Amino acid sequence: MSVRTVDLAAWLSTRFCREDQVFLKVDIEGAEFEVFEHLLAHGAASLVDTASIEWHTDKRGSGGNGKLRLRQRRISDELRQAGVRLTTWGDARLADAVEGR
(Lines give C-alpha, C1' and ligand atoms only; values in the text may rest on other atoms or scores of the structure.)
Protein backbone atom coordinates (compact mmCIF):
# COMPACT_ATOMS: atom_id res chain seq x y z
CA MET A 1 0.00 0.00 0.00
CA SER A 2 1.23 3.45 -0.88
CA VAL A 3 0.21 6.52 1.07
CA ARG A 4 0.77 10.03 -0.26
CA THR A 5 2.31 12.38 2.27
CA VAL A 6 2.56 16.14 2.36
CA ASP A 7 5.23 18.34 3.94
CA LEU A 8 2.91 20.43 6.12
CA ALA A 9 5.48 23.19 6.63
CA ALA A 10 5.93 23.61 2.87
CA TRP A 11 2.18 23.32 2.24
CA LEU A 12 1.36 26.04 4.80
CA SER A 13 4.15 28.30 3.52
CA THR A 14 2.96 28.13 -0.09
CA ARG A 15 -0.72 28.71 0.71
CA PHE A 16 -0.88 31.09 3.66
CA CYS A 17 0.64 34.31 5.00
CA ARG A 18 0.59 35.87 8.49
CA GLU A 19 -2.56 37.83 7.69
CA ASP A 20 -4.56 34.64 7.11
CA GLN A 21 -6.41 32.89 9.91
CA VAL A 22 -5.07 29.33 10.18
CA PHE A 23 -6.58 26.75 12.54
CA LEU A 24 -5.19 23.21 12.82
CA LYS A 25 -7.09 20.38 14.45
CA VAL A 26 -4.61 17.56 14.96
CA ASP A 27 -5.35 13.96 15.92
CA ILE A 28 -2.63 11.94 14.22
CA GLU A 29 -2.05 9.10 16.68
CA GLY A 30 1.39 10.03 17.99
CA ALA A 31 2.91 11.71 14.93
CA GLU A 32 2.03 15.16 16.34
CA PHE A 33 5.45 15.36 18.00
CA GLU A 34 7.37 15.13 14.73
CA VAL A 35 4.89 17.26 12.78
CA PHE A 36 5.05 20.21 15.19
CA GLU A 37 8.81 19.92 15.63
CA HIS A 38 9.05 20.09 11.82
CA LEU A 39 6.79 23.15 11.67
CA LEU A 40 8.92 24.87 14.31
CA ALA A 41 12.22 23.95 12.64
CA HIS A 42 11.06 25.34 9.28
CA GLY A 43 9.46 28.54 10.60
CA ALA A 44 5.96 27.54 9.51
CA ALA A 45 4.51 27.40 13.04
CA SER A 46 4.23 31.19 13.02
CA LEU A 47 1.64 30.89 10.23
CA VAL A 48 -0.71 29.02 12.56
CA ASP A 49 -3.05 31.08 14.72
CA THR A 50 -4.63 28.25 16.71
CA ALA A 51 -3.84 24.55 17.04
CA SER A 52 -6.12 22.06 18.75
CA ILE A 53 -3.95 19.04 19.49
CA GLU A 54 -4.74 15.62 20.87
CA TRP A 55 -1.42 14.49 22.33
CA HIS A 56 -0.83 10.73 22.31
CA THR A 57 1.75 10.26 25.03
CA ASP A 58 0.53 6.73 25.75
CA LYS A 59 0.74 5.44 22.16
CA ARG A 60 4.47 5.72 21.66
CA GLY A 61 5.52 2.48 23.32
CA SER A 62 8.87 2.36 25.10
CA GLY A 63 9.46 6.11 24.84
CA GLY A 64 8.03 6.52 28.31
CA ASN A 65 5.20 8.81 29.27
CA GLY A 66 7.46 11.08 31.33
CA LYS A 67 9.84 11.72 28.44
CA LEU A 68 6.99 12.30 26.04
CA ARG A 69 5.26 14.70 28.40
CA LEU A 70 8.46 16.71 28.72
CA ARG A 71 8.74 16.73 24.92
CA GLN A 72 5.11 17.79 24.67
CA ARG A 73 5.70 20.63 27.12
CA ARG A 74 8.78 21.80 25.19
CA ILE A 75 6.92 21.74 21.87
CA SER A 76 3.92 23.53 23.42
CA ASP A 77 6.17 26.23 24.88
CA GLU A 78 7.92 26.76 21.53
CA LEU A 79 4.58 26.93 19.70
CA ARG A 80 3.33 29.58 22.12
CA GLN A 81 6.55 31.54 21.61
CA ALA A 82 5.86 31.38 17.86
CA GLY A 83 2.46 32.97 18.52
CA VAL A 84 0.29 29.85 18.29
CA ARG A 85 -2.75 29.71 20.58
CA LEU A 86 -3.03 26.13 21.84
CA THR A 87 -6.16 24.28 22.79
CA THR A 88 -6.04 20.70 23.92
CA TRP A 89 -8.78 18.22 23.30
CA GLY A 90 -9.07 14.61 24.30
CA ASP A 91 -8.65 13.77 27.95
CA ALA A 92 -8.82 17.14 29.73
CA ARG A 93 -7.40 15.62 32.92
CA LEU A 94 -4.26 14.59 31.05
CA ALA A 95 -3.99 18.04 29.45
CA ASP A 96 -4.19 19.69 32.86
CA ALA A 97 -1.51 17.39 34.28
CA VAL A 98 0.83 17.91 31.33
CA GLU A 99 0.38 21.66 31.25
CA GLY A 100 1.07 21.87 35.00
CA ARG A 101 -2.41 22.99 36.02
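Predicted model: local features only at pLDDT ≥ 70, side-chain atom pairs only at ≥ 80, totals over all residues.
1. Three strands form an open sheet in the order E1-E2-E3, and their pairing is parallel. Strand E1 (23-26) and strand E3 (85-88) are the edge strands, each of them pairing on one side only. From one strand to the next, the twist averages 15°.

2. The pairing of E1 with E2. Strand E2 covers residues 50-53 and runs parallel to E1, to which four bridges join it. Within this part of the sheet, valine 26 stands opposite isoleucine 53 of E2. Helix H2 (residues 32-41) packs on the sheet, where it touches E1 and E2, and the direction of H2 makes about 155° with that of E1.

3. The nonpolar core. The largest nonpolar core has 20 residues, and those that touch the most other members are Leu24, Phe36, Leu39, Val48, Ala51, Ile53 and Leu79. Two or more residues of this core come from each of helix H1 (8-15), E1, H2, E2 and helix H3 (65-81).

4. Isoleucine 53. When neighbours within four places in sequence are left aside, isoleucine 53 is in contact with Val26, Glu32, Phe36, Leu79, Leu86, Thr87, Thr88 and Trp89. Isoleucine 53 is also among the core residues that touch the most other members.

5. The model has six salt bridges by count. In one of them, glutamate 34 pairs with arginine 71, with the closest N and O atoms 3.4 Å apart. Because glutamate 34 lies in helix H2 and arginine 71 in helix H3, this pair ties together parts that are 37 residues apart in sequence. Glutamate 37 and arginine 74 also meet through their side chains in a salt bridge, at 2.6 Å from N to O. This second pair likewise links distant parts of the chain, with glutamate 37 in helix H2 and arginine 74 in helix H3, 37 residues apart.

6. Exposure of these partners. Glutamate 34 counts as partly exposed at 37% relative accessibility. Glutamate 37 is partly exposed as well, with a relative accessible area of 22%, and arginine 74 is partly exposed with 37%.

7. The side chains of arginine 80 and aspartate 77 meet in a salt bridge with an N to O distance of 3.5 Å. These residues are three apart in helix H3, so about one helical turn separates them. Both count as partly exposed, arginine 80 at 38% relative accessibility and aspartate 77 at 36%. Elsewhere, salt bridges that share partners join Glu34, Glu37, Arg71, Arg74 and Glu78 into one network.

Conventions. Residues numbered from 1 in each chain as written. Heavy atoms only, no water. Pairing = 2+ DSSP bridges. Axes fitted to C-alpha atoms, helices over the stretch in contact; angles between N-to-C directions. Contact = heavy atoms within 4.5 Å. Core = buried A, V, L, I, M, F, W, Y, C linked by side-chain atoms within 4.5 Å. Buried < 20%, exposed > 50% of the residue type's maximum accessible area, 1.4 Å probe, protein only. Salt bridge = Lys/Arg side-chain N within 4 Å of Asp/Glu carboxyl O.
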